[in-house]
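Good morning. I will walk through one protein today, starting with one term and then going through the parts of the chain. Please look at the sequence and the structure as I go.

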Amino acid sequence: MTSEQTPPREILTYELFGVAVRELAQQVVDSGYEPDMVLSIARGGLGLGMGLGYALDVKNLSAVNVEFYTGVDQRLEVPIMLPPTPTAVDLTGLKVLIADDVADTGKTLEIVQEFCAGHVAEARTAVIYEKPRTVINADFVWRRTERWIDFPWSAEPPLVDRHGGMAH
């Protein structure tokens, strides 16, 4: 596919990312939801979780690592939660805000919501982007798009290829 045939993409810059974090945090405040913990989905949700933690004055931050994407528009059949994960006792009775960069299929959010179910007092979700095909509609969304998204942290290739050992 030549550059002329490449479909248009959403481009999120670091500056726009800062705007997205503050606007998502404002949505949470406006809703009256006061989370006790921000639970980020690694890797894409880590920056958002940190930003929301600061903006909402929540110091209890945690992360879960869910593997789903293997490349541009390539994914595993189902998402897999990788260790370490927070223990149920760490979540018991808390109001949790689950943060991720995008709800594409929504299956990653779904597996994390299921992980929290039965332990937390309440869980709500915040994403920077939401796509129309998602099976989970996030409670707080900055933008909706059908496009592939270039995030500032993943727009460039890694400096090191851990699978092949070659530097770029």
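This is a predicted model: local features need pLDDT of at least 70, side-chain atom pairs count only at pLDDT 80 or more; totals for chains, interfaces and linings use all residues.

A salt bridge, as I use the term, is a side-chain nitrogen of Lys or Arg within 4 Å of a carboxyl oxygen of Asp or Glu. Keep that cut-off in mind for R133 and D104: their side chains meet in a salt bridge, with N to O at 2.4 Å. This pair ties together distant parts of the chain, 29 residues apart. R133 sits in the loop between β6 and β7, and D104 in the loop between β5 and α4. R133 counts as partly exposed because its relative accessibility is 47%, while D104 counts as buried because its relative accessibility is 4%.

Next, the overall layout. The protein has 4 helices and 8 strands. Along the sequence they follow the pattern β-α-β-α-β-β-α-β-α-β-β-β. Of the 168 residues, 39% are buried.

Back to the salt bridges. How many are there by this rule? The count comes to 5. One of them joins D150 and R9, whose closest N and O atoms are 2.9 Å apart. Here too the pair links distant parts of the chain, with D150 in strand β8, residues 148-150, and R9 in strand β1, residues 9-11. The two residues are 141 residues apart. Is D150 buried or exposed? It counts as buried, because its relative accessibility is 19% and the cut-off for buried is under 20%. R9, with a relative accessible area of 31%, is partly exposed.

Another salt bridge runs between R124 and E122, with the closest N and O atoms at 2.8 Å. R124 is partly exposed, at 22% relative accessible area. E122 also counts as partly exposed, at 28% relative accessibility.

D100 is in strand β5, residues 95-103. D100 is buried and yet has no salt bridge. Which side chain of opposite charge is nearest to D100? That is R43, and it is 9.9 Å away. What the side chain of D100 does reach is the backbone nitrogen of G45, at 3.5 Å.

R43 is found in the loop between β2, residues 37-42, and α2. The peptide bond from A42 to R43 is cis, with omega near 10 degrees. As background, most peptide bonds are trans, and most residues other than glycine have a negative phi.

D57 is not a glycine, but it has a positive phi of about 55 degrees. D57 is in the loop between α2 and β3, residues 61-71. D57 counts as exposed because its relative accessibility is 63%.

That brings me to helix α2, which covers residues 46-55. Y54 lies in this helix, and Y54 is exposed, with a relative accessible area of 69%. Together with M50 and L61, Y54 forms a nonpolar patch on the surface. The accessible area of M50, Y54 and L61 together is about 370 Å². A55 is in helix α2 as well, and A55 is partly exposed at 28% relative accessible area. Between A55 and Q26 there are 8.5 Å from C-alpha to C-alpha, although the two are 29 residues apart in sequence.

Just after α4, G118 takes a positive phi of about 85 degrees.

To close, I return to where I began.

Terms used: Residues are numbered from 1 along each chain as its sequence is written. Side-chain values use heavy atoms; hydrogens and water are left out. Patches are made of residues with over 30% relative accessible area and no salt bridge: like charges are joined within 9 Å, nonpolar side chains (Val, Leu, Ile, Met, Phe, Trp, Tyr) within 5 Å. Accessible areas come from the Shrake-Rupley method with a 1.4 Å probe; for residues, only the protein chains shown count as cover. Buried means under 20% relative accessible area, exposed over 50%, partly exposed in between (1.4 Å probe, protein chains only). Lys and Arg count as positive and Asp and Glu as negative; His and the chain ends are not counted. A polar contact is a pair of N or O atoms within 3.5 Å; within protein, one must be able to donate a hydrogen and the other to accept it, and residues adjacent in sequence count only if both atoms are side-chain atoms.
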